[in-house]
Amino acid sequence: MKNLVVAIDGPSGSGKSSISKEVARRIGAAYLDTGAMYRALTFACLDARTDLSDTAAVTAAVREANVQIGVDPDLEQVLVNGADVTAEIRKPYVSEAVSTVAVILDVRAELVRRQQEIIAGHARIVAEGRDITTVVAPEAPARILLTAREEVRMARRGLQLGGTQTSEDLQRQVVARDAKDSTVTSFTTAADGVVTVDSSDLDFEQTVQAVLSVVEAADARA
């Protein structure tokens, strides 16, 4: 099989994770959830009781943290300093702190370095998350901006979290997080060469097919 990197960017709740996993399965590729890396390092800072308002301390904690993330689309696993935190990093207290850590430029630089190392280590990989199409893998043959209307994204995130979040929680986790993250990265408008897929009025399979059509075209050119 030919080497192929698929980069999928987009706002919170757009379906990046579920769509990226399924695309990875269908093309026989590894899967990298860069958002889980940010969550894992946020957890590491919180666990170490790092003052999140101290950017130098946060950056130091991030650089010291040993994070291992699985790349099997059928088996999500995240380890921080040897401990399995796969479920823990999805909890609200981590979700609400992620943007505070993620907007620190030195933290982003460290994460980009780690992400690029992981991508370089796999012949075929689907990588999704902030900055993927523009900073982490700007030369990827297939680059996609997956988006949806705000109300659709909030509803999807609510379902993803099992209905455990209030509308105010979802507002903070989706809309407020996007507003904060947009100060350091662009994920609402496709850069040159990036294909936009709007899934607002598409079901899961239709969205997968729309993304696969972009991937297949890139694979054919490779």
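Student: Before we start, what should I know about the numbering and the cut-offs?

Tutor: Residues are numbered from 1 along each chain as its sequence is written, and side-chain values use heavy atoms, with hydrogens and water left out. Since the model is predicted, local features need pLDDT of at least 70 and totals for chains, interfaces and linings use all residues, while side-chain atom pairs count only at pLDDT 80 or more.

Student: Where is Arg-49 found, and is it buried or exposed?

Tutor: Arg-49 sits in the loop between helix H2 (34–47) and helix H3 (55–64). Helices (H or I, at least four residues) and strands (E, at least two) are DSSP runs, numbered from the N terminus. Buried means under 20% relative accessible area, exposed over 50%, partly exposed in between (1.4 Å probe, protein chains only). With a relative accessible area of 78%, Arg-49 is exposed.

Student: What is the phi of Asp-131?

Tutor: Look in the loop between strand E6 (124–128) and helix H6 (132–136) for Asp-131. Asp-131 is buried, at 6% relative accessible area. Its phi is positive even though the residue isn't a glycine, with a value near 70 degrees.

Student: How many salt bridges does the structure hold?

Tutor: Here a salt bridge is a side-chain nitrogen of Lys or Arg within 4 Å of a carboxyl oxygen of Asp or Glu. By that rule, the count for the structure is 14.

Student: Why does the pair Arg-124 and Asp-219 tie together separate parts of the sequence, and how many residues apart are they?

Tutor: The two form a salt bridge, with the closest N and O atoms 3.4 Å apart. Arg-124 lies in strand E6 and Asp-219 in helix H9 (residues 204–221), so the pair ties together parts whose separation in sequence is 95 residues.
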